[in-house]
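Here is a friendly briefing to read with the model open beside you. Take each topic in turn and find the parts in the structure as you go.

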Amino acid sequence: MNVSRVVRRGSGDERWELLQAAAVEYVVHGWGVLPGPVCDGVRYSAGHCERPVEGLVPVLPSARTVRNARAVWSWWNVAAYGILARAGEAFDVICAPTALAVEASGHPWFPLGGCPVAMAPDGARFLVRIGAQVRPELVAHRVRVAERGEMVALPPTRVIAGRVTWWVRPADTGWTLGDAEAVQAALWQAHQHGVNVSGGEGCGR
């Protein structure tokens, strides 16, 4: 490993252990990951050294997706890295404002049990099958499909504004990805029921 410094893990660092276990689990189920920056709630750093990092970007020089569980375990022994994945590799990501997603979940046709959903401080992220395209009528309501190659933080990654968590865990769906059309149909129905988010919170890049 070509890193400047190896951080010594304390025996009680539960968060570090959770990140390592989650990263390994993702890879075991076919989701490649990348070590992301460590966040202390105020700033991002490389983790294995104090070098500042601007945003959620890979901290490895090669920025290659790691797909081997043994390699993932080794990397997360170095530091409590955030967990990043590239949109469009194992799944597409539909980003939506939290209020819209919560309202949509109240509709009986919402695929809550059939789509992994992560909640971040800037909105909800639905993990769906590759090939998703955003419905044009939802664009004005801050719904978008993450661009191919865009870095997406996976739980339990810490970010400046908080933490990324699972609303619907992949294990609860049998690691089955969602249907983009069904997700967006529910979001559109939520909008028609009066949720207005055109000028509010959205799922950032």
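In this predicted model, the buried residues of helix α1 are covered by several elements, including α2 (69–75), β4, β9 and β12 (165–168). Helices (H or I, at least four residues) and strands (E, at least two) are DSSP runs, numbered from the N terminus. Buried means under 20% relative accessible area, exposed over 50%, and partly exposed in between (1.4 Å probe, protein chains only).

- Helix α1 covers residues 14–28, which is 15 residues, and spans 21 Å from its first C-alpha to its last. That is close to the 21 Å expected at 1.5 Å a residue, where the expected span is 1.5 Å times one less than the number of residues.
- Which residues of α1 are buried? They are Trp16, Leu19, Gln20, Ala22, Ala23, Val24, Tyr26 and Val27.
- An α-helix has 3.6 residues a turn, so residues three or four places apart point the same way.
- Beyond neighbours within four places in sequence, Ala23 is in contact (heavy atoms within 4.5 Å) with Val33, Val72, Trp76 and Ile83.
- Ala23 and Val66 are 43 residues apart along the chain, and their C-alpha atoms are separated by 9.8 Å.
- Just after α1 comes Gly30, with a positive phi of about 90°.

**The sheet of three strands**

- Three strands make an open sheet in the order β1-β4-β9, with antiparallel pairing. Two strands pair if DSSP finds at least two bridges between them.
- The edge strands of this sheet are β1 (34–36) and β9 (151–154), and each of them pairs on one side only.
- On average, neighbouring strands here are turned by 45° against each other, direction ignored.
- Strand β4 (residues 82–86) and β9 are joined by four bridges in the antiparallel sense. Look for Leu84, whose bridge partner in β9 is Ala153.

**The sheet of five strands**

- Another open sheet has five strands in the order β8-β5-β7-β6-β12, again with antiparallel pairing.
- Strands β8 and β12 are at the edges with a single partner strand each, so one side of each has no neighbour in the sheet.
- Strand β5 (residues 92–96) runs antiparallel to β8, and two bridges join them. Cys95 has Arg144 in β8 as its bridge partner.
- Helix α5 packs on this sheet and touches β5 and β7 (123–128). The direction of α5 makes about 5° with that of β5; axes are lines fitted to C-alpha atoms, for helices over the stretch in contact, and angles run from 0 to 180 degrees between N-to-C directions.

**Residues to look up**

- Apart from neighbours within four places in sequence, Gln184 is in contact with Ile94, Gln133, Val134, Arg135 and Leu138.
- Ala146 sits in the loop between β8 and β9, and it is buried, with a relative accessible area of 6%.
- Not counting residues up to four places away in sequence, Ala146 touches Ala87 and Val93. The C-alpha atoms of Ala146 and Ala87 are 6.4 Å apart, although 59 residues separate the two along the chain.
- Cys39 is buried at 3% relative accessibility, and Cys95 is buried at 2%. The structure holds zero disulfides (pairs of cysteine sulfur atoms within 2.5 Å).

**The whole chain**

- The protein chain has five helices and 12 strands, and buried residues make up 50% of its 205 residues.
- Among contacts with a separation of 6 or more, 81% are between residues 24 or more positions apart.

- The mean pLDDT (the predictor's confidence in each residue, from 0 to 100) is 87, and 86% of the residues reach 70 or more.
- Over residues 1–7 the pLDDT is below 50, and this stretch has 21 contacts in the model beyond near neighbours in sequence. Where pLDDT is low, the predicted coordinates should not be read in detail.
- Residues are numbered from 1 along each chain as its sequence is written, and side-chain values use heavy atoms, with hydrogens and water left out. For this predicted model, local features need pLDDT of at least 70 and side-chain atom pairs count only at pLDDT 80 or more, while totals for chains, interfaces and linings use all residues.
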